[in-house]
Amino acid sequence: MRLLTVTLLFLLCHPLHAAEPPTLTVYTYSSFTVDWGPGPAIKAAFEAECECRLEYVATDDGVALLSRIRLEGKDAKADVVLGLDTNLIAEARATGLFAPHGVITESLPVPGGWSDAVFLPYDYGYFAFVYDSTVLTAPPGSLQALVDGPSEQKILIQDPRTSTPGLGLLLWIRKVFGDDAGTVWEKLAPRILTVSKGWSEAYGLFLKGEAPLVLSYTTSPAYHLIAEGEGKYAAAAFDEGHYLQIEVAAKLASSPNPELADRFLAFVLSQGFQTHIPTGNWMYPVVELESGLPDGFETLVSPAIALSFTPEEVARNRKEWVQEWLTALSR
Amino acid sequence: MRRLAPGVLVMAVLALIVGAAFSGLLRESSGLEPGALWDDIYLRRVVGFTVWQALLSTLLSLGLALPVARALARRQRFPGRTLLLRLLGLPLVVPTIVAVFGIVAIYGQTGLMNRLAAGLGIEPVQYLYGLGGILIAHVFFNLPLAVRLLLPVWQSVPGESWRLVAQLGMSSRDILRLVEWPMLRPLLPQVATLVFMLCFTSFAVVLTLGGGPASTTIEVAIYQALRFDFDLGKATLLALLQLICCALLVAAVQAMGKHYPVDPTEGRVQSRPDLGDVPGRLFDFACIALVLVSTLLPLGAVVTSGLAGPVAEVLADRQLWASAELSLGIALMSSALAVLAGVGILITSRELRINRRRTGLAEATELCGSLILVIPPLVLGTGFFIALRPLVDVFTWSPLLIVIVNALMGLPYVIRVLGPPMTRVTQQHDRLCASLGIGGWDRVRMVEWPLLRQPVGLSLALCAALSTGDLGVVALFGSQDVSTLPLLLYQRLAGYQMGEAAVTALFLLTLSLMLFGGIERVIGGRARA
């Protein structure tokens, strides 16, 4: 009798079980997964070839993503984490929760090349000051010019304690001016209209005309040009170069589906993933696109010099540099 | 004893929730270093600024709310009064970032005020970013709230008082001094503490309109410790610091307040004799105009920019309706839970206050219920997350967790709104009920409900509005399926979609207005406020 029941149950369950494909869980930030982000198209493209289901779990942003992984530790349901950036790598590595990706990255056309065995780049961009060319006819041509500029011409920036671009500017100024960074911030202080919590506040204020310059990305004008047909926004090209932000994905050591996770990481560098990056995430793809970059991207500032610190340098100095920034701006 | 049980039960649950959250945080933290906090000069300055701006904001909001509430109480009939009162519930709903955009559209560099000034040939001035901006924003949020909380006072002025006033031919000034002020005074510390706590924990507004890191609140430091540094110990300490600062200040303010007066009869709105004179009339309408300008102009800017956006496309979006549904569900459930918990606390506190004469204990009970407000939702959420992770799948339960956190955030409002009328019911009807032998359900149905349905409606409406607009912990527990309207709004903003975000904000406002009006009408009965 028991045997019969077991057999019946097995027969009942088995076909269902066989029809249920494995599920790959990707933790990422919400602007990746929303309808207008690159996530849905990438999900469809991957599911078409993997015979699996791809499921996103979305947090606020890259920082929240790392917090979430730390909170969940080894119990994390995620197979892959997608959306950390170069400044978070050292701290993410220190958790010991990630496994090598096994993908060859030497030939990737990422500025400065890529050799990290754990974190795999999937897109990149540069921080820049964006301006409205109908309001500002002579934008600053360098960080130095920005610092020396007239104090009645205001700029909008973000707080490095709460926002990724804010931290980017902090590192940018530190990279260009080294130990003079503190004095530079003091000099820049009167030009700063306000320091916002996140990118959205500052960019929103900029679009409302509160200040002629806002800290954003070199690719921001592409959104206005391509999605809105509005060509008046531009990024100011700076002689010293622009600070680079590379976004990365990684496999969790505790991944329930390690083979599938490996397949996804390989897929990240394929055309099926990368073609959705420029107009989905408004960043640069990390491989040459067969179709080329979308029309409009050729109008963007493309920095000759990409500036960056190593993740370890950032992790070592971040607190001290933020303190320096606080001291300079709290005067 | 039975009357003490509900409050004790609610307090136990609160203690359990908060305790679980903090113990979760402490378990994962690498140790506490209170000494390091004390030595941090910047932090000491932050604490100073936090208290300073919250005090100023509270004084300003309340100072303006008193004449405005009085004007609205005196002018019971003018076109659009009911709508205006509902609109006053809206600033609570507006996500901070939308409010900031609305305020900037009026007071910013290229805002309405500066454009009007330019029309008159005056050079545009920059006055928004700094303490001025913080105060403007806090008045925008809190003046309407304070007005709504103060307004019911006039209803509780006994009918006899008005007859007496008429017989004696008292002047408007005498009425204020002898009739209205004694009624208002006991309520002021209550409203002041609520506004104070809201300003104390204000975060994005202070950072964005404050002009830079010189204007920062403790909440920013908590956010930084939790998010960027992942220093759970420091976040916990800062949250405790915030809790202690607020508890001390609130206790001090409440100690200054007197207790509820015992009034012999039920309040009935009577026509008052001091409505005719022209200066009084002008002053009243000037006050009403002030609240119109300070509240409705920024809200109007939100509406205008919403209408200028791609309305049809956003409304056709499936995600918008799914989020709206979830937001509504969460709002209704959390407001019901908040009112339930609030009533529990208040049953006990009024019993303590009136029948047992333990006023201090009663106030302490209410204070505990209110202080929840100053524990940042992010701290509560993270603590919950750690505490619950070994027990349940946190993400499956995330809507429930959001409901609980939102209900906790609504509790202080319930206590403020329902406290005074519930005390009054006991004062006026306890003996009658006892002598007639009315108790249990009969008492609720025949005595309490008819007298309390209006404040219950108001507190439900306030909590629901608050919850609809709250980003809270949704972002922390978010998954692909769980998205509320404020979250959707933030996602739009993060994806450059300012136009779509503006429409979403307008949709959120409309929905909340309908929700607010609906709850007030269905639960509160006919409009009488």
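This is a guided tour of a predicted model, stop by stop, with what to select at each one.

**Stop 1: the two domains of chain A**

Colour chain A by its domain assignment. Domain 1 takes residues 20–124 + 245–299, and domain 2 takes 126–244 + 302–329.

Now show the residues where the domains meet. In chain A, 21 residues of domain 1 are in contact with 21 residues of domain 2. Domain 1 and domain 2 of chain A bury about 1700 Å² between them. Of that area, 65% is on carbon and sulfur atoms. Which residues of domain 1 lose the most area to domain 2 in chain A? Select A:Asn87, A:Gln245 and A:Trp282; together they account for 41% of what the domain 1 side buries.

**Stop 2: charges and polar pairs between the domains**

Stay at the boundary in chain A. Two salt bridges are counted between domain 1 and domain 2 of chain A. Next, select A:Glu91 and A:Arg318 and show their side chains. They meet in a salt bridge, at 3.4 Å from N to O. Across the interface of domain 1 and domain 2 of chain A there are also three residue pairs in polar contact, with both residues at pLDDT 80 or more.

Switch to the cartoon view and look at the domain 1 side. The elements of chain A that give two or more residues to the side of domain 1 touching domain 2 are helix 5 (89–94) and strand 10 (242–252). Helix 5 of chain A gives the most to that side of domain 1, with four residues. Then colour the domain 1 side that touches domain 2 in chain A by residue class. The residues there divide into 11 nonpolar, six polar and four charged.

**Stop 3: chain A against chain B**

Zoom out and show both chains. How many residues does each chain bring to the contact? Chain A brings 57 residues and chain B brings 54 residues. Chain A and chain B bury about 5100 Å² between them, 59% of it on carbon and sulfur atoms. Select A:Trp36, A:Leu71 and A:Arg161. These residues supply 17% of the area that chain A buries against chain B, more than any other three residues.

Next, look for charge pairing. One salt bridge is found across the interface of chain A and chain B. Select B:Arg318 and A:Asp35. They form a salt bridge, with the closest N and O atoms 3.7 Å apart. Polar contacts between chain A and chain B come to six residue pairs, both residues at pLDDT 80 or more.

Several elements of chain A each supply at least two residues of the side that touches chain B, including helix 4 (62–72), helix 7 (164–177), helix 9 (199–207) and helix 14 (311–329). Strands are on the list too, among them strand 2 (53–59) and strand 7 (192–196) of chain A. By class, the side of chain A that touches chain B has 23 nonpolar, 18 polar and 16 charged residues.

**Stop 4: A:Leu188**

Select A:Leu188, in helix 8 (residues 181–188) of chain A. Is A:Leu188 buried or exposed? A:Leu188 counts as buried because its relative accessibility is 0%, below the 20% cut-off. Show its partners: leaving out residues up to four places away in sequence, A:Leu188 touches A:Leu146, A:Val147, A:Ile155 and A:Ile173. A:Leu188 and A:Asp148 are 40 residues apart in sequence and 7.6 Å apart in space, C-alpha to C-alpha.

**Stop 5: B:Glu520**

Move to helix 24 (residues 498–524) of chain B and select B:Glu520. B:Glu520 is buried, at 14% relative accessible area. Beyond residues up to four places away in sequence, B:Glu520 touches B:Arg86, B:Arg148, B:Gly457, B:Leu458, B:Ala461 and B:Gly525.

**Stop 6: two positive phi angles**

Select A:Glu51, in the loop between helix 3 (39–50) and strand 2 of chain A. Phi of A:Glu51 is near 50°, a positive value in a residue other than glycine. A:Glu51 is exposed, with a relative accessible area of 71%.

Finish at B:Tyr496, in the loop between helix 23 (485–494) and helix 24 of chain B. B:Tyr496 is not a glycine, yet its phi is positive, about 65°. B:Tyr496 is buried, with a relative accessible area of 6%.

Note on methods. Residues are numbered from 1 along each chain as its sequence is written. Chains are lettered from A and ligands numbered from 1 in the order in which they are written. This is a predicted model: local features need pLDDT of at least 70, side-chain atom pairs count only at pLDDT 80 or more; totals for chains, interfaces and linings use all residues. Side-chain values use heavy atoms; hydrogens and water are left out. Buried means under 20% relative accessible area, exposed over 50%, partly exposed in between (1.4 Å probe, protein chains only). Contact means heavy atoms within 4.5 Å. Domain bounds come from an automatic or database domain assignment. Buried area is the accessible area (1.4 Å probe) that two parts lose on being put together, summed over both. A salt bridge is a side-chain nitrogen of Lys or Arg within 4 Å of a carboxyl oxygen of Asp or Glu. A polar contact is a pair of N or O atoms within 3.5 Å; within protein, one must be able to donate a hydrogen and the other to accept it, and residues adjacent in sequence count only if both atoms are side-chain atoms. Ala, Val, Leu, Ile, Met, Phe, Trp, Tyr, Cys and Pro count as nonpolar, Asp, Glu, Lys and Arg as charged, and the others, Gly among them, as polar.
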